[in-house]
Amino acid sequence: MEGHRIARREAGFIVYPVISRRSGGLSVGINLFPDRKVCSFDCPYCEVFPFESDHSFTVGAMERELRLELADAAEDGFEVKDLCFSGNGEPTLSPDFFPALEAATRVRDVSVPGASLVLITNGTTLLDPGIERGLRLAASGGGQRLDIWLKLDAGTEAWYRRIDRASVPFAALMDAFGRFAATAPFTLQTMVCAVGGEAPPAAEAEALEATVLRLCAGGGGRPNVRRVQIYGKARSAPEDPLAEPLAPAFLEARAASLREALRRAGYDVPVSVFP
Ligand code: SF4
C-alpha cells in the first residue's frame, strides 16, 4: 500500500489511499499539487522526492477521483477513517484549498459520512488573516468540522532552523499558533528525528513542552490542543541520511515527559507515539 501510495501521488494522481498509523486505518489522501512540490518548509525528513508531471489539479477532477476511490474502498470492504489533505506540500498554499474542502465535504457526507476530514499543515498560512479565518471557521464547524493536524517540530529557533529550514520567522509563527490556539481546536504533531547525526537536545525538548503548555493555556477552560502525536521518521527521504530515525525509546521518553508536564498543569490532553 505504501509503495502504491507514493507511486500514485508522484504519478500525478490527486487522490491516493494509504493505510495510516495515525488515522488508525484507511485514509484517503488528497493532493493539491499533482505536478510539483509546493511548500513553505524544507524539512530534511520530507519524503516528497523530486518529480515532475504535467497533471494539474482541478476541483472537478478531485471530486471524480474521490468518488471512484471511495467506491473501490467500499467494494473491497474497507472502512474509510478520513479524507486527508496532505500530498506534495502545504495544502493551504493552494488557491484551490477552500473550494476543494467544500467539495470533499459534500462527497464525504454522501459516500462516507462517518469519516473525518483532516488537514495536515505546517501552519505557516496562519500568518495570512484570510486563511486563518477560513481554517478557524472550518475547525470550529460542529459535526462538519475539519480536524487540523498542526505541525510543531521545534520549541527553539535553533532546532526549527535545522528540522524545518523555513524562511518564516519562528517568533511570528509561534505568535500565529498562539492566536489560533485561543479560538479553534486542533491536533499537534511533532516529528522527532535526528538531523545531521544529532538528536534534539534536552533544552529543545523542554522548550517544546513549554510551547505546548502555552498553547493549551490559550484555550481558556478547555485546551484547544485536543491531542499530541509524536511521530518518528518511518519513510525514506531524498536527503537521507541527513535526517535519521531515533530509537522508539527516545520518542517514548519524550512523550512520557510531555504527559507529565501536561498532567502537572492540569490538562487532560492525550499524547500518542508513532515511532
Ligand atoms: S512541511 Fe511537510 S511537505 Fe513541507 S517540507 Fe515539511 S514534510 Fe515536506
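Colleague: Which pocket is the space taken by the ligand?

Modeller: This is a predicted model. In it, the ligand has Lys37, Cys39, Phe41, Cys43, Tyr45, Cys46, Gly89, Asn122 and Lys151 around it. The space that the ligand takes is the largest pocket.

Colleague: How do the residues of the shell around the ligand divide?

Modeller: The shell includes Phe41 and Tyr45 as well as Lys37 and Lys151. Sorted by class, its residues come to 5 nonpolar, 2 polar and 2 charged.

Colleague: How much area do domain 1 and domain 2 bury between them?

Modeller: The domain assignment gives domain 1 as 1-120 and domain 2 as 122-275. The contact takes 30 residues from domain 1 and 43 residues from domain 2. Carbon and sulfur atoms carry 59% of the buried area, which is about 3000 Å².

Colleague: How many salt bridges does the rule find across the interface of domain 1 and domain 2?

Modeller: The C-alpha centres of the two domains are 22 Å apart. A salt bridge joins the side chains of Glu47 and Arg235, at 2.9 Å from N to O. Across the interface of domain 1 and domain 2, the number of salt bridges found is 2.

Note on methods:
Residues numbered from 1 in each chain as written. Predicted model: local features only at pLDDT ≥ 70, side-chain atom pairs only at ≥ 80, totals over all residues. Heavy atoms only, no water. Near = heavy atom within 4 Å. 1 Å grid on protein atoms, 1.4 Å probe; cavity = no way out; pocket = protein on both sides within 12 Å on 5 of 7 lines; lining within 4 Å. Sits in = over half its atoms within 2 Å of the grid points. Nonpolar A, V, L, I, M, F, W, Y, C, P; charged D, E, K, R; others polar. Domains from an automatic or database assignment. Contact = heavy atoms within 4.5 Å. Buried area = accessible area lost by both parts, 1.4 Å probe. Salt bridge = Lys/Arg side-chain N within 4 Å of Asp/Glu carboxyl O.
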